[in-house]
Structures are given as structure tokens and as C-alpha cells.
Amino acid sequence: MGSKTDEAVMQEGSNWLSWFGIENEMIVASAHRNPDQVRELMVNAQANGFGAVIAAAGMAAALPGVCSAYTSLPVLGVPLDGGLPGGIDALYSIVQMPAGLPVGTLAVGKAGARNAAVLCARIFALSNPTIASKLEEFKAKGYRI
């Protein structure tokens with residue numbers, strides 16, 4: 001993730017996470033340009049209090065898979081538009097992970113960023129009654145925030 005447009009797309013997911021009461025942090029790093037930073041972030045993610053990772057990437061979209069290789073946390077991949085029309089290259093890159101390195105792959109772009117937030121809320125709701133309550137409120141509102 002790198003362009004201002006990509007950051008704006010992912011800000012949608014961050015806003016939704018915040019609505020659910022899930023603390024979140026957006027860090028811009030590239031599996032290709034900043035591999036050491038990505039490795040360091042993922043190796044320490046759980047110790048630093050993270051419960052899941054949402055990784056967004058376009059084109060070759062290696063970031064979600066690399067994240068999955070370095071952490072045992074759930075990794076949710078959001079393909080971004082930027083290479084082939086509609087982000088289809090990023091979608092294929094993220095969904096085709098080797099066995100044992102799962103990445104939950106969402107839709108391309110803003111819908112994927114929003115659904116990644118909802119999926120995180122569903123994961124966290126399993127052990128957090130406050131988030132479970134917000135999830136029920138979300139459903140009652142017709143899946144709108």
C-alpha cells in the first residue's frame with residue numbers, strides 16, 4: 001500500500017474498526033520495498049498487542065502472504081486496484097496462497113477494507129462481549145455504520 005488513494009481506501013476500514021471499538025493502527029510498508037520492516041512488524045505483532053492483521057496490496061500483492069509467513073495471527077488481505085483493471089491481479093495474488101499460509105481474502109478496494117473490519121469484529125466478538133454487542137447493533141442497522 002502506498003498511494004494516497006490506497007490510504008484513503010484503507011482509512012474506510014480503519015473507521016469501521018474504530019466504530020466497533022477496535023483499536024487499530026495503519027502502517028504503510030511494502031513487502032518489496034521494506035521487507036525487513038514488514039518482517040519486524042509481523043514477528044512482534046502479537047507481543048505488541050495486535051489480534052489480527054489487515055494487509056492491503058495492489059499489483060503483485062505480496063504483502064498479505066509475507067505477513068502470514070511471519071505471524072500466527074489471522075491475516076486478512078485486501079486487494080487494491082492499481083495494476084490490471086479492477087485489481088484482478090492483486091486479487092489473484094492474495095487468494096492463491098500456498099497451503100499452510102492462509103490469508104483471508106476480501107473484495108477489491110473499499111468494500112474489502114470495510115469487510116475486513118467486519119470480519120475482525122466477528123473474530124474478536126468470540127471473546128469480547130462489547131464487540132459482540134456492537135456487531136449485533138451493526139446487524140440491526142442493516143449492516144451500515
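Tyrosine 143 lies in the segment after α6 (129-140); helices (H or I, at least four residues) and strands (E, at least two) are DSSP runs, numbered from the N terminus. The model is predicted: local features need pLDDT of at least 70, side-chain atom pairs count only at pLDDT 80 or more, and totals for chains, interfaces and linings use all residues. Residues are numbered from 1 along each chain as its sequence is written, and side-chain values use heavy atoms, with hydrogens and water left out.

The phi of tyrosine 143 is near 65 degrees, a positive value in a residue other than glycine. Tyrosine 143 is partly exposed, at 46% relative accessibility. Buried means under 20% relative accessible area, exposed over 50%, and partly exposed in between (1.4 Å probe, protein chains only). Alanine 61 also has a positive phi, near 50 degrees. This alanine sits in the loop between β1 and α3 (63-70). Alanine 61 is buried, with a relative accessible area of 5%. Most residues other than glycine have a negative phi.

The protein has 6 helices and 3 strands. From the N terminus, the elements run α-α-β-α-β-α-β-α-α. The radius of gyration, taken over C-alpha atoms, is 15 Å. This is close to the 15 Å given for 145 residues by the globule rule (2.2 Å times the number of residues to the power 0.38), so the protein is as compact as a globular protein of that length. Its C-alpha atoms fill a box of roughly 40 × 35 × 30 Å along the principal axes. Of the 145 residues, 39% count as buried. Contact means heavy atoms within 4.5 Å. Among contacts with a separation of 6 or more, 59% join residues 24 or more positions apart.

The 3 strands form an open, parallel sheet in the order β1-β2-β3. Two strands pair if DSSP finds at least two bridges between them. β1 (53-58) and β3 (104-105) stand at the edges with a single partner strand each, so one side of each lacks a neighbour in the sheet. β1 is joined to β2 (residues 75-80) by 6 bridges. Within this pair, alanine 55 stands opposite glycine 77 in β2. Helix α1 (residues 4-19) packs on the sheet and touches β1 and β2. The direction of α1 makes about 145 degrees with that of β2; axes are lines fitted to C-alpha atoms, for helices over the stretch in contact, and angles run from 0 to 180 degrees between N-to-C directions.

Aspartate 89 belongs to helix α4 (residues 88-95). Beyond its neighbours within four places in sequence, aspartate 89 contacts Met59, Gly83 and Leu84.
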